[in-house]
Structures are given as structure tokens and as C-alpha cells.
Amino acid sequence: MSEILSASETARVIGCAPQMVRERIKRGIWTFGSVVTAKQSGNKQNAYEIKKRDLADWLKIPVDEVEKRAAMQIEEV
């Protein structure tokens, strides 16, 4: 499994909407991720990269728990 999570995976771990993850990282409120701008990546939209270790440290949970929550299906959350 990758060491980088998407905004959607991060939202499953935290228990919030993916848009909340994107907005709070973009505004610098949550510091466990970063924005890769569309210009930087050559894409049409910004991308968000969240490192599992940083998220686990922020939530004060083990990385294994982050992986478990990120892998959950939507109806299990």
C-alpha cells in the first residue's frame, strides 16, 4: 500500500467529507498534508497528498489503524 493517501481516503480515516480535508489542507489549518497545484502537476485540478505517518501522528493513532480505516468501504464507516 502506498505511503500517500488521497483526500477521500483521509476523509474515511478522520470521519469527515473529502472537501473538508482539501479545504483545511489548502488553508494550512491541517498540516499533515500538502497541495500539489494544477500548475505544478500539469493537471487540470489541484491534488492533495497526505502522508500516512503524518496523519497517524496528528491523530495519535498507529499507522496500522490509519491503513485499516482508509481501506474501509463507505458503508462500514
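At what angle do the axes of helix α4 (residues 52-59) and α5 cross, and within how many Å do they come? I took this up as my opening entry, keeping in mind that this is a predicted model, in which local features need pLDDT of at least 70 and side-chain atom pairs count only at pLDDT 80 or more, while totals for chains, interfaces and linings use all residues. I also kept to numbering from 1 along each chain as its sequence is written, and to side-chain values that use heavy atoms, with hydrogens and water left out.

**Entry: α4 and α5**

I found that the two axes come within 9 Å and cross at roughly 105°, where axes are lines fitted to C-alpha atoms, for helices over the stretch in contact, and angles run from 0 to 180 degrees between N-to-C directions. That makes α4 roughly perpendicular to α5, since angles of 65 to 115 degrees count as roughly perpendicular, under 35 as roughly parallel, over 145 as roughly antiparallel and the rest as oblique. I listed Lys52, Arg53, Leu55 and Ala56 on the α4 side of the contact and Val63, Val66 and Glu67 on the α5 side, with contact meaning heavy atoms within 4.5 Å. By class, I noted four nonpolar, no polar and three charged residues in this contact. The helices and strands named here are DSSP runs, numbered from the N terminus (helices are H or I, at least four residues; strands are E, at least two).

**Entry: residues of these helices**

I looked up alanine 56, which lies in helix α4 and counts as buried because its relative accessibility is 1%; buried means under 20% relative accessible area, exposed over 50%, and partly exposed in between (1.4 Å probe, protein chains only). Leaving aside residues up to four places away in sequence, alanine 56 touches Ile61, Pro62, Val63 and Val66. Alanine 71 is found in helix α5 (residues 63-71), and at 46% relative accessibility it counts as partly exposed. I also recorded that alanine 71 and alanine 11 are 60 residues apart in sequence and 11 Å apart in space, C-alpha to C-alpha.

**Entry: the sheet**

I traced an open sheet of three strands in the order β1-β3-β2, with antiparallel pairing. β1 (4-5) and β2 (33-36) stand at the edges with a single partner strand each, so one side of each is left without a neighbour in the sheet. β1 pairs with strand β3 (residues 47-51) in the antiparallel sense over two bridges; two strands pair if DSSP finds at least two bridges between them. Leucine 5 stands opposite isoleucine 50 in β3. Helix α2 (residues 18-26) packs on the sheet, touching β2 and β3, and its direction makes about 85° with that of β3.

I then turned to threonine 10 in helix α1 (residues 7-14), which counts as buried because its relative accessibility is 0%. Not counting residues up to four places away in sequence, threonine 10 touches Leu5, Val21, Phe32, Ile50 and Leu55.

**Entry: aromatic rings**

My search of the whole structure gave three aromatic pairs. Rings of Phe, Tyr and Trp (its six-membered ring) pair if their centres lie within 6.5 Å, and planes under 30 degrees apart count as stacked, over 60 as edge-to-face and the rest as tilted. The rings of tryptophan 30 and tryptophan 58 have their centres 5.4 Å apart and their planes at 55°, so this pair is tilted. Tryptophan 30 counts as buried at 9% relative accessibility, whereas tryptophan 58 counts as partly exposed at 37%. Ring pairs link Trp30, Phe32 and Trp58 into a cluster.

Technical notes
Nonpolar A, V, L, I, M, F, W, Y, C, P; charged D, E, K, R; others polar.
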